[in-house]
Amino acid sequence: MLSDCKGATATITEDHFRKIREAMDQALLPQWVLTDPEIYALEHEKIFPRTWQFLAHESELKNPGDFVTRWMVDDPVLLVKGEDGVIRAFLNSCTHRGTYLCAADSGNRRTFTCPYHGWTFNWHGDLVGVALGNTLYGAELDRSAMGLRPLPRLESVYGMIFGNLDPHAMSLREYLGDMLWYFEILLKRTAEGMEVIGVPHRWVVEANWKLTYENFTGDPYHVQSTHRSTVELGITPHRAGEDGRMGHQIVLTHGHGVNITQLTYVPPHPYQHTPESLWPLFEQSLSPVQARLLKHASVLVGGVFPTLSFVSPQHGTEGEVFNYLNFRVWRPLGPYKVEIWSWCLIDKEAPSDYKQQAYRAYVGSFGPSGTLEQDDTEMWSRVVQASRGHMVRNKNLAYNNFANYLMGYGRVEPDPTFPGPGQAYPGFVDAVSRSIHQYWFELLTADNAAEVMSHEL
Ligand code: FES
Ligand SMILES: [Fe+2]
C-alpha cells in the first residue's frame, strides 16, 4: 500500500496506520497526523487530486471574457467565460514552456498572452498567436495541438463551480449527495439566488487543513469559548444554551457535514435577519420544510470535504445584525500552512443598502481581520505550535498523543424528528468530526481511492 505513495512516506508503517484506525475506533485521533509531512504527502497523492473542489461562483463571471484565476491546491486554474456563455477552466500554464500564464486575480480580456515568449490563447483555450510564428516555426506549426489544457472535470450546482482532477470521479451531484438539500436553503432560496460581493479575500495562516475544515464543519463546541467576546459584545446574537436554542450536527456522506442552530420559537427577526422583502421569495422557492428551517435558523455552518467550508451567520453590532453567506476554501500550502480564500455572498434580490451593511458585517467578523477570524486563527496556530515537538510526533503514540472526539460517542443517537436528510445528532456532539476522519482515512489508505469514491461510506 505504501509503496504507491511519494517517497516521503518511507517511515510510516502499516502498524502506524493500524494505530490510527484503533484510535479512531475509540473516537480519538493521533495528534501527529495534524502536522506530519508524510501524511501531508499522502494526502496529495490520495485525496486532493480525486475530490471535488470549489473554484468560483458564476456571479464572478458575468460577461464574455470575464476571468478569474484560482488554485486546486497546487494546480493553478484559469476560468473564463466564452461568447457562448460557457465557463471553461484550464490549467493556468502556458503550453510553450509551462509559464504561469495569467497572473491577474480577475478581469476581462479578449485573449491571454504569455509574458515569457508571447504565445496567445483565446477564451476557448485555443492557441491563436505565436510570436514570429510563421518565420520561426513555419506555416505548418500545428497550433490546434497546443491549446491550454482543460481541467479534467468542471461541474456546477446552484451557481457554485467545482473542479476535479480525476476524469473518472463520480459526478458532483452524486458527491454532494444530501448536501444538495442544504445547498438549496443557502443558494437557491430565491429565483435569482446569491451573488458574490467584492472579490474573494485571501490570507495565509499557520494551521492544518483538516483542523480548519473540521472546525467549521463539526465543531460548534468552540463557539462559546473561542468566540465568547463576540457574544458579549453583541457582534454575534444569541448565547449558547439560552432558552429555546437548539442545535443539530448533521452527518452526511463523503465527509460532508452541516451544523444548524435554530430557535424553537419564531424569532423576532426570522429568516436570519434577512430583509422582509425576501421572506415571500424564500417561501416560494423552498419547500415548506426548508422554509420553516430557515425561518427559525440562527446559524447554518458546514463543509464539503476536503477543502470547502461555509457559514451563514448573523453578525453586525449590537441590536443590528445582518445575514451573509461566507464560502471559504482551505488551500493547503504545507502540513501546517493554509491559504484561506473567503467569499461573501448575499441574496441578489436584497436591497442594495442591506447588501452594503451585510458585507460590512462579513468584513468585521469573518474577513481577514474580522473578530471571529482572529479568534479562530489564534487557536488553530496554537494547535500547530503544540503539535510539532518530539513528544507529539512520536508515531508509536508512546506519550498518549490523542486529540479527543468523545463528545456524544455511544451516548447520543440521531434525532428522528429532525426534518432534513442525513443523520442529525442533537446538541453538541463530535459525530460530524468523527465521520470526517473516517472518510479521510478511507481515502488515505485505499489502494485505489477512486474505488472508495464510487460508493457510499
Ligand atoms: S512559456 Fe509561454 S510563450 Fe513561452
Ligand atoms: Fe470559530
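I began with helix 1 (residues 14-25), where Arg18 and Asp15 both lie, three residues apart, about one turn of the helix; helices are DSSP runs of H or I with at least four residues, and strands are runs of E with at least two, numbered from the N terminus. I note that this is a predicted model, in which local features need pLDDT of at least 70 and side-chain atom pairs count only at pLDDT 80 or more, while totals for chains, interfaces and linings use all residues. Residues are numbered from 1 along each chain as its sequence is written, chains are lettered from A and ligands numbered from 1 in the order in which they are written, and side-chain values use heavy atoms, with hydrogens and water left out.

**Entry 1: salt bridges**

I looked up the salt bridges (a side-chain nitrogen of Lys or Arg within 4 Å of a carboxyl oxygen of Asp or Glu) and found 17 in the structure. Arg18 pairs with Asp15, with 2.2 Å between the closest N and O atoms. Asp15, Arg18, Lys19 and Glu22 are linked in a salt-bridge network.

I then turned to Arg388 and Glu206, whose side chains meet in a salt bridge (3.5 Å, N to O). Arg388 lies in the loop between helix 13 and strand 21, and Glu206 in the loop between strand 12 (194-205) and helix 6, so the pair ties together parts that are 182 residues apart in sequence.

I recorded both His222 and His227 as buried (under 20% relative accessible area, with exposed over 50% and partly exposed in between; 1.4 Å probe, protein chains only).

**Entry 2: the largest cavity**

I looked for cavities, sets of points on a 1 Å grid over the protein atoms alone where a 1.4 Å probe fits but cannot get out; lining residues have an atom within 4 Å of a point. The largest cavity holds about 60 Å³, a volume being the space filled by probe spheres set on the points, which are joined across faces, edges and corners. Its lining includes Leu29, Trp209, Glu214 and Trp440. Helix 6 gives the most to this lining, with four residues.

Terms used
On a 1 Å grid over the protein atoms alone, a cavity is a set of points where a 1.4 Å probe fits but cannot get out, and a pocket is an open set with protein on both sides within 12 Å along at least five of seven lines; lining residues have an atom within 4 Å of a point.
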